[in-house]
Amino acid sequence: MFKRANLKEKISCGEIYHRNMRVNAREEAKVLSIMDDEQGIPHVRFERTLVGSCFKDPQGVRVLALDAFAKDFHVN
């Protein structure tokens, strides 16, 4: 319970977070919203973009549980 509260404070709408990919690229996630589902589990809705040395490829909007988002992306 406390861990989720701390994560909600660290992840903000409009902020951009990154994760490294196996290839020479990284994934960029711009947070659009954070909201609880019907069971009270917080989820992050974000716009995903693949970024490489010579490209920036929009991948659409995705949703991940807050805990999964924090594991995948660099959240300080």
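Where is the place of R48? The place of R48 is in strand 3, and the points below start from the sheet around that strand.

1. First, the ground rules. This is a predicted model, in which local features need pLDDT of at least 70 and side-chain atom pairs count only at pLDDT 80 or more, while totals for chains, interfaces and linings use all residues. Residues are numbered from 1 along each chain as its sequence is written, and side-chain values use heavy atoms, with hydrogens and water left out.

2. Four strands form an open sheet in the order 1-2-3-4, with antiparallel pairing. Strands here are DSSP runs of E with at least two residues, helices are runs of H or I with at least four residues, and both are numbered from the N terminus. Two strands pair if DSSP finds at least two bridges between them. Strand 1 and strand 4 (56-65) stand at the edges with a single partner strand each, so one side of each has no neighbour in the sheet. On average, neighbouring strands are turned by 30° against each other, direction ignored; the axes behind this angle are lines fitted to C-alpha atoms, for helices over the stretch in contact, and angles run from 0 to 180 degrees between N-to-C directions.

3. One detail to look up on screen: A25 has G52 in strand 3 as its bridge partner.

4. R48 is buried, with a relative accessible area of 11%; buried means under 20%, exposed over 50% and partly exposed in between, with a 1.4 Å probe and protein chains only. Leaving out residues up to four places away in sequence, R48 touches E27, E28, P58, Q59, G60 and R62, where contact means heavy atoms within 4.5 Å. T49 is also found in strand 3 (residues 42-52) and counts as buried, at 11% relative accessibility. With the sequence neighbours up to four places away again left out, the contacts of T49 include R26, K56 and D57.

5. Aromatic pairs. The count comes to 4 aromatic pairs; rings of Phe, Tyr and Trp (its six-membered ring) pair if their centres lie within 6.5 Å, and planes under 30 degrees apart count as stacked, over 60 as edge-to-face and the rest as tilted. Y17 and F69 are edge-to-face because their ring centres are 5.8 Å apart and their planes stand at 90°. This pair links strand 1 (residues 16-20) with helix 2 (residues 66-72), 52 residues apart. F46 and F73 also pair edge-to-face, at 5.6 Å centre to centre and 70° between the planes. F46 lies in strand 3 and F73 in the segment after helix 2, so this pair ties together parts 27 residues apart in sequence. Y17, F46, F69 and F73 form one aromatic cluster.

6. The core. Which residues make up the largest nonpolar core? There are 10 in all: I11, Y17, A29, V31, V44, F46, L66, F69, F73 and V75. Such a core is a set of buried Ala, Val, Leu, Ile, Met, Phe, Trp, Tyr and Cys residues joined through side-chain atoms within 4.5 Å. Strand 2, strand 3 and helix 2 each supply at least two residues of this core. F69 counts as buried, at 0% relative accessibility, and Y17 counts as buried at 8%. Beyond its neighbours within four places in sequence, A29 is in contact with residues including Y17, F46, F69 and F73.
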